[in-house]
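Here's a quick question-and-answer tour for someone meeting this structure for the first time. Take a look, then read on.

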Amino acid sequence: MNLQQLNATLSARLEAFQQSPPEGRGATVRLAPMAEIAGALALDQGLREGLGGAGVERFLDAYLGYVTRLHSESFFAHQTAAPNPGSTAAALIDGAVSNPMAIFEMGPAAATIEYALINRLLSLIGWPAPPWPEQRQSDDRYAAGVLVHGGSLGTLTALVAARTQVQPDLWEQGNDPRLCLICAAEAHYAVQRAAGIMGLGRRQIVHAASDARGALTAAGVEAALRRARAEQRTPIAVIATACSTSVGAFDPLDEIAAVCAEHGVWLHVDAAHGGAALLSPALRGRLRGIAKADSVVWDAHKMMRTGPLATAVLYRDEQACNAAFEQEASYLFHAKELPGFDFLHRTIECTKSALGLKWYLALAWEGEAAVARYIERCFALTRYAWERICADADFVAAVEPEANILCFRPLVAAGKELHLRDRLITEGEFHLSTTQFAGSRWLRIVVMSPNTSERSIDRLLERLRELATAAD
Ligand SMILES: *Cc1c(COP(=O)(O)O)cnc(C)c1O
């Protein structure tokens with residue numbers, strides 16, 4: 001079976017898979033013991049005998065029997081996009097071509113796309129994008145960025161760049177023990193991980209006070225910065241979030257940026273999820289002030305319709321971006337006479353895939369405006385769910401949603417949120433998550449699927465009401 005035949009068979013099945021998400025048991029998620037799944041996939045047999053063309057078809061059929069369907073209208077579980085055909089095309093192209101383009105000569109088209117895409121993202125933030133490298137005339141200051149594999153790695157990358165600015169001899173001397181980071185207790189756990197990897201202990205993470213939404217306040221940041229100074233600590237950065245993972249709250253970036261500027265402290269904005277709102281004229285006000293940040297992390301695989309992973313790490317100052325890592329590898333880093341641009345010095349990764357291709361094709365599939373409409377629709381449906389809940393005496397919501405994330409619970413089964421979720425997942429029609437927020441556990445939905453409608457939300461609430469009454 002050649003690539004064309006294989007492609008035709010796989011595409012037909014995958015098309016059907018994406019287009020007709022079924023209802024009922026197992027429609028969205030189907031859990032089973034791993035031995036059962038391994039058996040259904042005939043994993044051992046494949047290794048022993050080889051799959052061949054027809055075997056791949058059988059394998060795909062078995063595989064699709066145990067997938068979590070992000071395209072299902074009843075998928076509400078996590079902040080992961082159902083990829084659009086543009087993103088799927090990119091995965092196919094990159095899977096076949098494989099151009100690890102962190103150096104230009106290993107993928108000129110992919111590197112050019114990454115450069116152009118980053119420039120587009122920089123201008124959406126409101127930062128000056130650099131011209132093509134071959135056309136640069138002067139030493140004008142521009143913004144800059146790089147694509148990496150995921151928001152967690154992106155957070156680490158940006159914080160390392162911030163640390164290099166605060167302590168330039170770091171790569172020689174190691175961490176100054178006075179270094180610290182300032183964030184809200186609600187900050188994504190990627191921040192704590194990045195801190196640990198950077199050699200900062202938990203005691204070097206200062207939690208600034210937050211409001212009832214779990215969002216930072218300018219006063220809280222101000223107090224934390226003063227306290228840090230009084231204790232003779234050196235803040236690497238203040239980390240603001242737009243929006244939070246638990247309830248989708250946007251920090252007041254404009255006010256926080258003013259405090260950071262006054263104290264001369266780097267402001268990092270974790271916009272892994274909410275950066276997408278910049279695409280929509282109606283929603284971009286939620287990130288007001290983002291152009292005053294020093295660095296921004298923005299995931300494509302959350303709200304930009306791409307499959308995992310593609311994350312932009314963006315910097316207001318190109319020089320801070322270029323100085324992030326100080327090591328040298330002489331076979332890779334040298335003065336360039338050939339055309340193009342190497343991203344290598346901006347990232348932790350050495351080999352990396354054509355991430356810009358995925359992001360670009362997801363946007364260009366129907367154009368940026370279509371992706372913006374998708375984002376607006378997800379936000380609006382979440383608001384619909386919140387209004388339904390507010391009007392229903394059986395349910396209560398944690399906070400008014402600002403994005404497409406909503407925490408709520410049925411009143412009769414308070415304290416049984418984990419049990420309710422387990423029941424739902426076992427049935428497999430609806431898939432949602434739970435989270436700890438403001439001292440208790442909540443059911444949490446993220447409206448991500450392009451197939452979700454008001455009806456899907458109504459059905460979810462009805463099923464939850466039945467289960468909650470039974471569990472009471
Ligand atoms: C998802 C998310 C992250 C982590 O990004 P990954 O791509 O999953 O590694 C970090 N911060 C926020 C606010 C997020 O929503």
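Q: What makes up the lining of the largest pocket, by class?
A: It has 22 nonpolar, 11 polar and 4 charged residues. Asp, Glu, Lys and Arg count as charged, Ala, Val, Leu, Ile, Met, Phe, Trp, Tyr, Cys and Pro as nonpolar, and the others, Gly among them, as polar. By the way, this is a predicted model: local features need pLDDT of at least 70, side-chain atom pairs count only at pLDDT 80 or more, and totals for chains, interfaces and linings use all residues. Numbering runs from 1 along each chain as its sequence is written, and side-chain values use heavy atoms, with hydrogens and water left out.

Q: Why is the charged end of R305 said to sit over the ring of Y374?
A: The rule asks for CZ of Arg or NZ of Lys within 6 Å of the ring centre and within 35 degrees of the ring normal. R305 is 5.1 Å from the centre of the Y374 ring, so it counts as sitting over that ring.

Q: What about K352 and the ring of F343?
A: Here the distance is 5.5 Å, and the charged end of K352 sits over that ring too. F343 also belongs to an aromatic cluster with Y115, W132 and F341.

Definitions and conventions: Phe/Tyr/Trp six-rings, centres within 6.5 Å; stacked < 30°, edge-to-face > 60°.
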